[in-house]
Amino acid sequence: MNVDQMIERIDLLAKKQGMSRNKLLTSCGVKAYVDNLKRGQIPKLDTTAKIADYLNISIDYLAGRTDNPEINP
């Protein structure tokens, strides 16, 4: 997992939704997600899934494991 890439993707996806990173994360119920990433904490899968589900993207895309955001391409 590339933390910097993950944060960049969260920021980009939030911008595409017309909201800030904080607004996006608050809407997903995971407000401290990026702060925790920056502190080196590995997020739980269900926490990451909340963001991916909210944005209708794959967890693998969010984690930087693929460049395709589609779920089950």
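A residue is called buried here when its relative accessible area is under 20%. By that cut-off, helix 4, which spans residues 45-55, has Thr48, Ala49, Ile51, Ala52 and Leu55 as its buried residues in this predicted model. These residues cover an arc of only 160° around the axis, which places them on the same side of helix 4. In general, an α-helix has 3.6 residues a turn, so residues three or four places apart point the same way. The partners of the buried residues of helix 4 are helix 1 (3-16), helix 2 (21-28), helix 3 (33-38) and helix 5 (59-62).

Before going further, a word on confidence is in order. The average pLDDT of the chain is 92, and 99% of the residues score at least 70. Confidence is lowest in helix 5, where the mean is 92, and highest in helix 2, at 95.

Leu24, Leu25 and Cys28 are buried in helix 2. Viewed down the axis, the buried residues of helix 2 fall within an arc of 90°, so they line one face of the helix. They pack against helix 1, helix 3 and helix 4. Just after helix 2 comes Gly29, with a positive phi of about 80°.

The packing of helix 2 on helix 1 can be described in some detail. The two helices pack at an angle of about 90°, and their axes are 8 Å apart. That angle makes helix 1 roughly perpendicular to helix 2. On the helix 1 side, Ile7, Ile10, Asp11 and Ala14 take part, and they meet Arg21, Leu24 and Leu25 in helix 2.

What does Ile10 touch, once its neighbours within four places in sequence are left aside? The contacts of Ile10 are Arg21, Leu24, Leu25, Tyr33, Val34, Ile51 and Leu62.

Another residue of helix 1 is Leu13. With a relative accessible area of 9%, Leu13 is buried, since the cut-off for that class is under 20%. Not counting residues up to four places away in sequence, Leu13 touches Leu55, Ile57, Tyr61 and Leu62. Leu13 and Leu24 lie 11 residues apart along the chain, and their C-alpha atoms are separated by 8.9 Å.

At 57% relative accessibility, Asn56 counts as exposed. Ser58 is also found in the loop between helix 4 and helix 5, but Ser58 is buried, with a relative accessible area of 12%. Apart from its neighbours within four places in sequence, Ser58 is in contact with Ala52, Thr66, Asn68, Pro69, Glu70 and Ile71.

One of the contacts of Ser58, Pro69, has its place in the segment after helix 5. Is Pro69 buried or partly exposed? Pro69 counts as partly exposed, at 31% relative accessibility. Not counting residues up to four places away in sequence, Pro69 touches Asn56, Ile57, Ser58 and Tyr61. The C-alpha atoms of Pro69 and Asp46 are separated by 18 Å, with the two residues 23 places apart along the chain.

Finally, Gly40 has its place in the loop between helix 3 and helix 4. Gly40 counts as exposed, at 57% relative accessibility. Although Gly40 and Val3 are 37 residues apart along the chain, their C-alpha atoms are separated by 8.6 Å.

Conventions: Residues numbered from 1 in each chain as written. Predicted model: local features only at pLDDT ≥ 70, side-chain atom pairs only at ≥ 80, totals over all residues. Heavy atoms only, no water. Buried < 20%, exposed > 50% of the residue type's maximum accessible area, 1.4 Å probe, protein only. Helix = DSSP H or I, 4+ residues; strand = E, 2+ residues; numbered from the N terminus. Arc of directions from axis to C-beta. Contact = heavy atoms within 4.5 Å. pLDDT = per-residue confidence, 0-100. Axes fitted to C-alpha atoms, helices over the stretch in contact; angles between N-to-C directions. Parallel < 35°, antiparallel > 145°, perpendicular 65-115°, else oblique.
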